[in-house]
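Please read the points below with the sequence and the model open beside you.

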Amino acid sequence: MADRRGQLVTRVRGMLGEALGATRTRLSIAQTELGTARERLAKVRRAAAVVPERVGAQRDRRLAEIDDRHTAQITELARRAAHAAQREAPGAACADWTRWRPTPTRRAEPPGPLRIGTVRIPGAEPVPALVPLLDAGHVELTGDDRVGCDAVVSALLLRGVGRADPGAVRLVGYDPEHLGGGLAGFAPLGTAGLLTFVGPGGLARLLDDLVEQIRRINETVLAGEYGSLRELAAATGRRPEPWRVAVLLGGDELSRHERGQLDRVVRTGAACGVHLVVRGVPLPEDPTVTRVGAHPDGALIGGPGGLPVRLDPPPPPVLVTETCREVAARVNAGPAPTPFTDLLPPPERMWREDSATGLTAPIGEGPHGRPVLLTLGDYPPHALIGGPSGTGKTNLIFAWIGALAARYSPAELEFYLLDFKEGVSFARFAKGRRDPSWLPHMRLVGINVNTDREFGLALLRFLAEELRRRADAAKKHEVTKLAELRAVDPTGHWPRIVAVVDEFQMLLAGRDVVAREAADLLEDLARRGRSQGIHLVLASQDVRGIEALWGRPALVAQFTLRIALPKALRILAERNDAAQSLPRHHAVVNAESGMAEGNEVARIPSASDWETWSELQHRLWRMRPQDAAPARLFDGDAIPRLADAPDFRALTAPETGHPRTPVALLGEIIDVQARSAALRLPRAPGRNLAVLGTRVDEACAVLDAAARSLARQHRPGTARFSIACLDPDADPAARSLYEDLADDAAWYDEETVGELMVEAAEGLGAPGTPHYLLLFAVDAAAGAMAARIGRRTGLEELRRILHDGPERRTHVLAWWRGVARMRADLGGPAARTDQIGAWVALDAHGGELGSSLYPGTGGPDWYPRPWRGLFFDRAVHRTGQVIIPYGPAR
């Protein structure tokens, strides 16, 4: 029992010891873990103490990065906004006043918004604050800052004026409180009609006028085709109406009528270029209205809650005044001409029009931007152009010719041009040394013909003959009009003909034969030409005082198309003074014989400068038909050359024998065709030539051309040329001729001329070798010729040769230095002159020629002029023929 108790105690003690050991072990472990945990806790506490500091630093760094990025973005956005503002409102619309100057937009380009201040952004450059006005809307100014409001008004007006073409912005001021003083700086615009003021009580009339302008523009300019003037300008490249800006600065409360009209302007004005800038006059709510509030503590765009802006200072008064003065001066000087290309069709449409029923082409731009058309046909058939020197008459003719030539091919249209004033502006239509091109439609160009009225008469004769030819063809086909003739004879050549005569009054000047015949031909062409497609365009500085037109109302009445340039007189009807107030580069076009109801004002483009015209002419020249020939150019100041004469080049010598009828060419006829004055020398009495006058060079030129043309018709050795030079001044020309004729020529002087007479007279026994006596200043040998040589004197032998020689192929071509000297050599004042069958008068007056040399009484109407002669062949002519002697051969 005791043992068991002892055993139990021992076991219990053992178990307790084990338990105590295990407990102690676990305690030790727990204490170790506790120490470790305490160390971790201390670490955690230490780490937790560091986190806020690190997180704060990271947060601060992150916030700084965000702030920097935001600032950079704001700066970039501000830069882009400023750049966009400059792009939308370039030049005068946005520039600072220190470097401001007018910068008009290109033609028909919208001016864009206008700057009134800047938007300030911290850390970024200021951004221009822009307000839409022209072609966009209206501006209403509110607030207590009157100075700021005045600055906005001045800025808007000056920038608008400087951004548009001179005269394209018109201002109307209504300032009942200060009577226009608020717009005093813009007063110079009033001298050009660009600024008007409406006094107190005139607001209703002003608003009525604006509404009427809007109605007119909608009905006649936009006409349902376009929604606004801006849209029209973008589509056509033209802006036919100015911008109208009404500045309303206060006033009494509006009446019901005024409020209604103001509302209409707000709703519909912007589309028609009518705009309001108002202060003290409330505008209705409308998308086109921009409100600017100016207050002492700042300004807002868009009303309360709008965009804060800093208003610009007002423009310097000197800048406003000088700019307005410059704009007014340019407007008073007249607008610049429009581009010539506005008159031309696209290249692919050139030469596509048909002229059967008439010719139609634009001449310029009308007040509403639409082209003003000119028509030549059955009605109106002919045109009369008038305007003082320097008003653009030649330029208008160029523009009209270019517009027609670009639309109608040379098969449809031909031109004949004549310019009686001195100058060569029309020469560019013909082939020249500087430019080998020519206008394919041009058939004749006459320049510097102010002293050659006969050339104008020749043109009228040519047109009269063409009229007769067309009338005969129409009669043959039993039709009456050109359109009908072309329909029944499609293979015929029936283009319409336009004959332009500039300064035509010179053709009709005086009371001589030329003026009378020219007036008769003009009247006939004007009356009958319309039906056969022949149209006359006459231009003059002044049609007053043309005696040849007196008593011919039917002639003037045919010219129903009238074109009057600035200050033109007597072109339009008597009480139609529309041309007196025209600006430069404009013309009144009237197809109703000048009656006021037919007036159309056209702005004429610049077409006469070389580069502008050359581009069109070269294009049309490259399009010309292969068989096209250049126009005939007649220059009254040029001396023709025999070698260039078609008639001279056509002369040839027969292979055997002598020419049947030799022809002596004396000079160029003043005619539409380049023809030579030809003296036929058959074996018939009187076929001799006398050159009469004291001009050495011209007389030598006539004899030289005659001899060279005769020599061209004879083979070497088959004709004799006896040259007698009795004037030392003629010696160089005569020697040159003698040397060129070589073996066929013999030389005589004052000492041997008598022997020539005897020899030639003795050779008259039987027809033999043709013999031509070329006597230079034969009257100078009167003394030597008076001496008897054998049975007769030299003069008696000369008279015998003149009388009998032509029938035996011996012809005298002699120069006498006066009509009286020739008569003396022929036997005296009463001597017969029928042995002189032809003569060329140089500086011999018509009265000297008398009835013995010229049919009728009193002699021909001949007034000498340099390098011209009057040729008369009694076997051919009824009247004398004016010629131009050919120039020296060398």
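1. Ser28 counts as partly exposed because its relative accessibility is 38%, where buried means under 20% relative accessible area, exposed over 50% and partly exposed in between (1.4 Å probe, protein chains only). Ser28 is found in helix H1 (residues 2-88). Helices (H or I, at least four residues) and strands (E, at least two) are DSSP runs, numbered from the N terminus. The C-alpha atoms of Ser28 and Thr656 are separated by 162 Å, and these two residues are 628 apart along the chain.

2. A word on the source: this is a predicted model, in which local features need pLDDT of at least 70 and side-chain atom pairs count only at pLDDT 80 or more, while totals for chains, interfaces and linings use all residues. Residues are numbered from 1 along each chain as its sequence is written, and side-chain values use heavy atoms, with hydrogens and water left out.

3. Next, the empty space inside. Rolling a probe the size of a water molecule over the atoms shows where empty space is left. The structure holds three cavities of 30 Å³ or more. A cavity is a set of points, on a 1 Å grid over the protein atoms alone, where a 1.4 Å probe fits but cannot get out; lining residues have an atom within 4 Å of a point. Grid points are joined across faces, edges and corners, and a volume is the space filled by probe spheres set on the points.

4. The largest cavity has about 70 Å³ of space. Which elements each supply at least two residues of its lining? They are helix H7 (393-407) and strand S16 (496-502). H7 gives the most, with four residues. The lining residues are Leu376, Ile385, Ile397, Trp400, Ile401, Leu404, Phe415, Val498, Val500 and Val537. By class, this lining has ten nonpolar, no polar and no charged residues. Here Ala, Val, Leu, Ile, Met, Phe, Trp, Tyr, Cys and Pro count as nonpolar, Asp, Glu, Lys and Arg as charged, and the others, Gly among them, as polar.

5. The second largest cavity holds about 40 Å³ of space. Its lining includes Val161, Asp165, Gly167, Leu189 and Val327. The class count for this lining is eight nonpolar, one polar and one charged residues.

6. Helix H3 (residues 203-222) and helix H5 (residues 256-268) have axes that come within 9 Å and cross at roughly 35°. Axes are lines fitted to C-alpha atoms, for helices over the stretch in contact, and angles run from 0 to 180 degrees between N-to-C directions. The crossing of H3 and H5 is left-handed, a term used if the near helix is turned anticlockwise from the far one by less than a right angle, with right-handed used if clockwise. Among the residues in the contact are Leu203, Leu207 and Ile214 of H3, and His257, Leu262 and Thr268 of H5; contact means heavy atoms within 4.5 Å. By class, the contact of H3 with H5 has eight nonpolar, three polar and three charged residues.

7. Thr268 lies in helix H5 and is partly exposed, with a relative accessible area of 33%.

8. Now the backbone. Most residues other than glycine have a negative phi, and most peptide bonds are trans. Ala223 has a positive phi, near 50°; Ala223 is in the loop between H3 and helix H4 (229-236) and is partly exposed at 36% relative accessibility. Arg809 also has a positive phi, near 60°, and is found in the loop between helix H18 (794-804) and strand S30 (810-816). Its relative accessible area is 22%, so Arg809 is partly exposed.

9. Is the peptide bond from Tyr379 to Pro380 cis or trans? The bond is cis, with omega near -5°. Pro380 sits in the loop between strand S12 (371-377) and strand S13 (383-386).

10. Last, another proline. Pro829 is in the loop between helix H19 (819-826) and strand S31 (838-841). Because its relative accessible area is 76%, Pro829 is exposed.

Methods. 1 Å grid on protein atoms, 1.4 Å probe; cavity = no way out; pocket = protein on both sides within 12 Å on 5 of 7 lines; lining within 4 Å.
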